[in-house]
Structure formats: C-alpha cells, structure tokens
Amino acid sequence: MKRPAHRAILFAVVTSPTLILAAGPPTYESRQEPAVHQIVATEYYHTFFHKHAVLKRIRPGDTVVTKTLDAGGQDERDVHRAAPGNPLTGPFFVEGAEPGDALVIHFKKVRPNRNWGFTTYRLLLPSLAPESIEGLYPNRYKDDLIRKGRSNLIPWDIDIERGTVRLREPASTTIKLEFPMKPMLGCVGVAPAGDFAPTSGPSGSYGGNLDYNEIGEGATVLLPVYHPGALLFIGDGHALQADGEPTGTGVETSMDVEFTTDLRKAANLTGPRVETADYIISIGSQPEFASSLDRALQLATSDMVNWLTKDYGIEPWAAHLLIGYQGKYDVVTVAGSMALKIPKKHLPSPK
C-alpha cells in the first residue's frame, strides 16, 4: 500500500519587475508581478504522476530556484535524501496550464553544486554489436566504492571553477580522461495523460527521463500539458554526457537549478521540443527498447514539419526541403529517442 505523501518545504518569495515570455504563438499573460520562489524539497518522487502532492504552485513568469539530487539520491553534501533511481524534484503546479497547452520552461541555471560525480564502468550492451559482447571486460570495478551493493560505478572529479570533469579512478596509461563540463538535466517532464504514472527511468511524449544533452543552462523546453497545472518534475543532473548516453549514465551529480515558466495556449504539442540559442529541436521521445530508432526519427521529423509550417508559416514543401538540407539528427538515447535540429539562422520570425 502506498503511504500518504507528506512534504516539508522551505521557500521564500520576492518580486521581480519583469516577465519573460517565450517567442512564438500566443502566451499566457500574468496579471501579477512575477515572483522568485526559493525551494528545497525534503521528499522526492520516482514517478511522473498527477496525484503526487504539489511541491509549489507557481505562475507563468515566476522564477524557481531549487536543487536536484543525483541519480543515486545524494545531495550536495553527499547525504542520501532519497532512494536511487532518478529522484525527482516537484511537482510544480503552473497556474493557468490546461490540457492542450504547452508548458515552456526556460532554464536559467543548471550547475553542479558539488565536486564529484559517478558513472558506470562499461558501455551498455545495446550500444554494441552482438558479436563484440563476448570479449568485453567484466562489468565490475570495486565493490561498494560509490554505493553499497554496486561494483560497476566509478568516481569522477568535478572542478566547478575550471569547468572540467576528470576520471578519478581507474587511471589510464594512454589517455587523459578529462573533459570540459557541459551540465544538463536528464529528467524534465510533466504528469502524462490519464492515471499513467511512468517511473523516472523511461521517456515519452510527456518528457520524462529524456537524457538529452542539449537540455542545459540557456535551453528552453516545451512540453504538452495533460492535466491542470501541468505538474512539472525535474531531476537526474549530469555534469557531462555523450550523445545517446551509451553507458547508461552521464557524470551523475547534484545540481543547482533556476528556471522560469510560460504557457503557450492551445499549442497541442505531440511531444517534447527544445530551443537553444542556435537551434529549434523536435524530440522523437519514446521509452528505450519500445521501438527502433527509426520510429523515433519519424516522430521527430513529423513534429518538425508541423512546427515549421504551423509556427513559422513555411510551406510544407519548403519545410521538407529545409529539413532535407539543413537538418541535423542527434541520437538522444541508445535504443530510444532521436532529435532533429534546425538552425535558427535559416528560419523566418515566428508567426
């Protein structure tokens, strides 16, 4: 039997003089001055579900300053605050959000708040050709090094000042495993339609565990709304992750996050979209192993055609040719989702 959800919340509210709205179709207009909400959750969920107790009610234009735990449930002080498995901060109830709208999330800050993270020790088997699997090294490094009961997790050092991540151990004698940091959030999603309560492992049209490395500071994520208030959840911060998340993890760490929200009324999205400084991006979002990447590519491409024709007024034939000669596909997750990116420099102003 599920225990009743109880939640203690620490927050402060101040006002801000400006309201930031996303470019594009009609947006929700707030009649109140936007506020800043500083919130640290003390209970975290592992499902995207519309019946979870609301962490905070916010209005479009408000700013939220919050934190996320790492995928193992640890905070910035290495304290275990939740069970492993991508614990989620939220849900945030956005006033005025109704089914059929699009929730717009502008990520102003996505940054690690501690000096270490962890990854797995080996590529996922679906990342490899079957004939190569027989010769793999054992998926075991040291027992209980990162988490009790696990032997395939290894530590990375995060230098926040320098903006780098470096493998702490094991040590390679041939290559320096140190790279520029690119923080991102793996989990960004709303409560899906009906009473569906997917865990924080897969993704879908509602977002979820997207694990897309373009969702970082400065990115805007658009999600379809299925329930009043949208009910937004975030989590699963990575200091760095390759395209596709081929090991099944990024450099998992806790995060400081700041975001604002907006609404696009009656947008009727079919899945997640992302905007960065340089691209608009459609995500063909589906759970891993549910279907081939071909299906995810089709979802992303079909949505991009709709986006270009509806919001930018581009003729269907021109949208097809723009995709055909300027589109860039990203593998979002191995055996899962694909994304299609179109450079903004080739787009007219939105209608």
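Ala-290 is exposed, with a relative accessible area of 56% (exposed means over 50%, buried under 20% and partly exposed in between, with a 1.4 Å probe and protein chains only). This is a predicted model, in which local features need pLDDT of at least 70 and side-chain atom pairs count only at pLDDT 80 or more, while totals for chains, interfaces and linings use all residues. Residues are numbered from 1 along each chain as its sequence is written, and side-chain values use heavy atoms, with hydrogens and water left out. Helices (H or I, at least four residues) and strands (E, at least two) are DSSP runs, numbered from the N terminus.

**The loop at Ala-290**

- Ala-290 sits in the loop between S18 and H2.
- Its C-alpha atom and that of Val-305 are separated by 24 Å, the two residues being 15 apart along the chain.

**Nonpolar cores**

- A nonpolar core is a set of buried Ala, Val, Leu, Ile, Met, Phe, Trp, Tyr and Cys residues joined through side-chain atoms within 4.5 Å.
- The largest core has 46 residues, of which Leu-103, Ile-105, Phe-107, Val-188, Leu-232 and Phe-259 touch the most other members.
- At least two residues of this core come from each of S2 (35–41), S5 (88–94), S6 (102–112), S11 (184–190), S14 (220–224), S15 (230–238), S16 (255–264) and S18 (279–284).
- S15 gives the largest share, five residues.
- A second, separate core of 15 residues has Val-305, Ala-318, Leu-322 and Leu-340 among its members.
- Beyond its neighbours within four places in sequence, Ile-105 is in contact (heavy atoms within 4.5 Å) with Val-188, Ala-219, Thr-220, Val-221, Leu-223, Leu-232, Phe-259 and Thr-260.

**Strand pairing**

- Two strands pair if DSSP finds at least two bridges between them.
- Eight of the 11 residues of S6 are buried, leaving this strand mostly covered.
- S6 pairs with S14 in the antiparallel sense over five bridges, and Ala-102 has Pro-224 as its bridge partner in S14.
- S6 also runs antiparallel to S16, to which 10 bridges join it; here the partner of His-106 is Thr-260.

**Helix H3**

- In H3 (residues 316–326), the buried residues are Ala-318, Ala-319, Leu-322 and Ile-323.
- Seen down the helix axis, these buried residues fall within an arc of 135°, so they line one face of H3; the arc is that of the directions from the helix axis to the C-beta atoms.
- Trp-317, His-320 and Tyr-325 are exposed on the other side of H3.
- The buried residues of H3 pack against H2 (293–312), S19 (328–331) and S20 (338–343).

**The buried glutamine Gln-74**

- Gln-74 lies in the loop between S4 (63–68) and S5 and is buried, with a relative accessible area of 7%.
- A polar atom of the Gln-74 side chain is 3.1 Å from the backbone oxygen of Asp-78.
- Apart from neighbours within four places in sequence, Gln-74 is in contact with Leu-69, Val-79, His-80, Arg-114, Trp-116 and Ser-254.

**Salt bridges**

- The structure holds 21 salt bridges, each a side-chain nitrogen of Lys or Arg within 4 Å of a carboxyl oxygen of Asp or Glu.
- Glu-95 and Arg-57 form one of them, with the closest N and O atoms 2.9 Å apart.
- This pair links distant parts of the chain, 38 residues apart: Glu-95 is in the loop between S5 and S6, and Arg-57 is in S3.
- Glu-95 counts as partly exposed at 22% relative accessibility, as does Arg-57 at 44%.
- Lys-67 and Asp-256 meet through their side chains in a salt bridge of 2.9 Å, N to O.
- This pair also links distant parts of the chain, with Lys-67 in S4 and Asp-256 in S16, 189 residues apart.
- Lys-67 is partly exposed, at 24% relative accessibility.
- A network of salt bridges links Lys-67, Glu-76, Arg-77 and Asp-256.
- Glu-178 and Lys-176 form a salt bridge, their closest N and O atoms being 3.4 Å apart; Glu-178 counts as buried at 18% relative accessibility, whereas Lys-176 is exposed at 64%.

Technical notes
A polar contact is a pair of N or O atoms within 3.5 Å; within protein, one must be able to donate a hydrogen and the other to accept it, and residues adjacent in sequence count only if both atoms are side-chain atoms.
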